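I set down here what I looked up in the structure shown below. The entries are grouped by topic.

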Amino acid sequence: MEPLDVELEEGELELPAEPMHLNMGPSHPAMHGTVRIVLELSGETIVKADVQIGYLHRGFEKMCERGTWAQVFPYVDRLNYVSPMLNNVGYALAVEKMCGLVVPDRCQWYRMALGELARISDHLTCDGAMAMELGAFTPFLWFIKAREMVWDLLEEETGARLTHSFGRIGGMASPPTPDFKGLCRAALPKILELVEEGERMLLKNRIFLERLENVGTISGADATALGWTGPCLRATGVPYDIRKAHPYLKYDEVDFDVPVGTKGDTLDRFLVRLGEIRQSKRIIEQVIEHMPDDGPVNVGDPHVILPEKNAVYTTIEATIQHFKLVMEGAKVPAGECYSYTEGGNGELGYYLVSDGSGTPYRVRIRPPCFQITGGLGKILEGRMLSDIVPTFGSLNMIGGECDH
Amino acid sequence: MPTFKLDGKTIPFEPGDTIIKAAYKQGIDIPHYCWHPGLSAPANCRMCLVEILPKAGQRPLSLDVLELDPKTGEYKVKQKPKLQPACYMAAAEGMEVAADTSEHVVRARHDVQEYLLLNHPVDCPICDQSGECSLQDYWLLHMKTQKRMQDEPVHKPKGVVFGPTIVYDGERCVMCTRCIRFMSEIAKDPVLDMRERGNLNEITVAPGRELDGHYTFMTEHVCPVGALTTKDFRFKARVWFLRTAPSVCQGCATGCNAHLDYDPRYNKAYRYRPRDNEAVNKYWMCDEGMLSYKEAHDGRVIDALVGGRVAPVVKALEEARSLFAGVAPTSVAIVLSARHSLEDNWAMRELGTVLLGSKNVYVSGRPDGYRDDILIHRDKNSNARGVQQIAPGARPLKALLDDVAASRITHVIALGADAPVDPAALGGAKLVVVAAHAGPLVPLAAVVLPATSWAEHAGTYVNAKGMRQVSEKALEPLGASKPAYKQIAELATALGYEPSWSKLSQIRSQLMGTAGADAPAPPGATVVA
């Protein structure tokens, strides 16, 4: 080809000096369809990252104000939709706090076991998806295979794989199945095996490590100041875990460690999650030792607990009880409360206000993701464009709970 | 005022009041089925049992009872205070009554409720009372336990037609006898009675009779359970979907206070329930009144008509302007309506006498009808007294017919389409009608403008006793209808005048100066003139 015969002045082909604006998401696959980052780029370096949320906003808090207290359960399922059980239990505990109810021991153990299973599923999804977004598709399949085992177990217990709506005010929808303990004992080692296999493939991979190490670093002080909780905070070395700091259910009766990181970078967050999967396994193993095989799961209070279905169809007393609870809802004493548990991503808080009726007056949620996503822009600044994918992936931003 | 103590709370009472009535007046509900504030007390349901504490130094009134000791399986003799029915026990100065605070009362309520539910069918899902049923409410408040009886419940007749309006279900009945007492004490027609004994009890109609007359709906209204249902409301709606607005019955000049229950999802009225008002209707309404909620939908004018054909409101207003162009005020007549609210009539009077400058004011309404000594008034118009108050010189419609026949009047603007006499002679004049309901004036009118009914906008009505009562808005306006005072304001604008009102509050502040009450009554209240 002939050379260009136009004379060009020196520097005319240079890139313009002002930053380039780039829109990442919400349709970008690594943005999960739920977030948009407006970037100012200088070359490939991020000058400013403006994180814009709201793409999964459903007005969930407002929706809660028109049904009964029990009808909120399906809504909270859809907050952090990779660990719905933790949201269910968190909400149930909040309403029980207002009613002054304490569920029977068997239910407390059961809630812990199901919650920790959900946490394993949550962390597997986050770590697996992050690896996949970096091109490591095989470990993703390994992690998802392990997650399938968790979901099979949850399906066996609740009838649903993802959105269980299994929590109830004063108990659970049904008692543990007779096989629950056996299934846990069989599945947990297999899940761990898969995790270890996936982990081996990643943690010996130079490319993977280089893309995570010293990327998206945040100090413990900064993370605390931003209101971070959960694995992302613990990756900075702050050992704050609500299960340890403010134990609920029976967490003070089981042994487990709180894995922490040192640098607060993306790799630490990845590793903390893997560590927590192992701790969750430990917790579940202890829970199935402690959980009694019989005894009530639900409190015996007819004001909150639905009667048995066959009694509803055959006796007027149970029909009335069912009717009152379904049409008017359980009456929660007037007042307000804040109740918080360790969700998949950190402190999952519910602030509830009741006017004494069967319908919530206000359901306010404190989703862990909201604060964490708030720090995303800060930890991206100064990094390369390609660092967005692992950094964003390691925060496990879930639109369902973040957008509220 | 003398007082007694109920669970430590001081309750004032008037001599002669029973414990339950005194508590009811203070807004405290002692659970009951058979007691009703407007009826006599038979004390047969036993739900209102209370413990009356003995005076200091006095021996308590007690009974020997045998109680099973579940551990040893043997009966032991115990003492239990003799409980008294609060609906029958007259309150006395210094009396101390324990209800919620007495373990014996709590137990008695539980057991009474258990007995009442022994043979109750599993009907809540198909029962019209569901959602406002005392059995349901009291189960959760006072029983809370599951069924212990294993036997087949006693079966009784279901779906028994008592008369043209009421259907009876023997299995749901708790034998409170409120319906029997209502018919004999209030309706003065003792057509209902009870037959058989014990758990075979059932309500029955006197042989050779059916439950008819003018007060049959009230038997359903006083029924605390779903035993009596009206053919009109049966299976039509579930009550928890209904919203309610304080309303005033438009059936006659008594102006009974009512709750208008409607479903906001379909913008449809479903029923009337009497609203307690000691000064007007006490706790009752007549059948005709109870059914008159239907007039919110039936026989309505919801479109503008020009020459009897449906037209846009704008067209109708243009037509009215061309009809009234260059007409002398002396040949224009204004017809007020005894069936529209005070506010609507005020707007019409304002249009006629102030804006048009006409002195010819008439009043229309429905002809008189059946009356009795209980509630039903001869005058079938809800606001005849109101029209009299704001337009004392208004002449009857008959006078207008003569004036039209004599060509003294050539143009007429009428509120409401009713006429107590045959209005055919009005055909000789140019007639503009603003009406909520179709009536004899509509076919004669050159222009008809649609107005909302009482159910669709708030209005004040003056009953035969001269009480101003406010009926609140329930439904959204149907079709092209608007509140009559707004429609009249638009008509005034179309005729080239500037109306001085556009909002209800403006009219109400104007009305304050007129004869009758000093101020419009607050929602749901009654003001005695």
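The entries that follow take the conventions, then chain B, then the helix pairs, then the interface.

**Conventions.** I worked with a predicted model, in which local features need pLDDT of at least 70 and side-chain atom pairs count only at pLDDT 80 or more, while totals for chains, interfaces and linings use all residues. Residues are numbered from 1 along each chain as its sequence is written, and chains are lettered from A and ligands numbered from 1 in the order in which they are written.

**Chain B overall.** I counted 12 helices and 26 strands in chain B; helices (H or I, at least four residues) and strands (E, at least two) are DSSP runs, numbered from the N terminus. The C-alpha trace of chain B spans about 105 × 50 × 40 Å along its principal axes. Of its 529 residues, 49% count as buried. For burial I used the number of other C-beta atoms within 10 Å of a residue's own, placed from the backbone: 20 or more is buried, 12 or fewer is exposed, and in between is partly exposed. I then looked at contacts in chain B with a separation of 6 or more, and residues 24 or more positions apart account for 66% of them. Two residues are in contact if their C-beta atoms, placed from the backbone, lie within 7 Å.

**Helix α11 of chain B.** I found 8 of the 11 residues of α11(B), residues 484-494, to be buried. Among them are B:Tyr485, B:Lys486, B:Ile488 and B:Leu491. The buried residues of α11(B) pack against α7, α8, β21, β22, β23 and α12 of chain B. After α11(B) comes B:Gly496, with a positive phi near 95°.

**B:Phe235.** Is B:Phe235 buried or exposed? I recorded B:Phe235 as exposed, because 10 other C-beta atoms lie within 10 Å. B:Phe235 sits in the loop between β12 (228-230) and β13 (243-248) of chain B. From B:Phe235 to B:Ala206 I noted 29 residues in sequence and 27 Å in space, C-alpha to C-alpha.

**Helices α2 and α3 of chain B.** I noted that the axes of α2(B), residues 103-117, and α3(B), residues 134-143, come within 9 Å and cross at roughly 140°. Axes are lines fitted to C-alpha atoms, for helices over the stretch in contact, and angles run from 0 to 180 degrees between N-to-C directions. The crossing of α2(B) and α3(B) is left-handed, that is, the near helix is turned anticlockwise from the far one by less than a right angle. Residues of this contact include B:His110 and B:Leu117 of α2(B) and B:Tyr138 and B:Trp139 of α3(B).

**Helices α6 and α11 of chain A.** I found the axes of α6(A), residues 180-203, and α11(A), residues 266-290, within 11 Å and crossing at roughly 165°. The two helices α6(A) and α11(A) are therefore roughly antiparallel, a term for angles over 145 degrees. The crossing of α6(A) and α11(A) is left-handed. Among the residues in contact are A:Leu188 and A:Leu192 of α6(A) and A:Ile277 and A:Ile284 of α11(A).

**Interface.** How many residues of chain A are in contact with chain B? I recorded 13 residues of chain A, in contact with 15 residues of chain B. On the side of chain A that touches chain B, α12 (309-314) and α13 (316-328) of chain A each supply at least two residues. The largest share of that side, 8 residues, comes from α13(A).

Note on methods
Angles under 35 degrees count as roughly parallel, over 145 as roughly antiparallel, 65 to 115 as roughly perpendicular and the rest as oblique.
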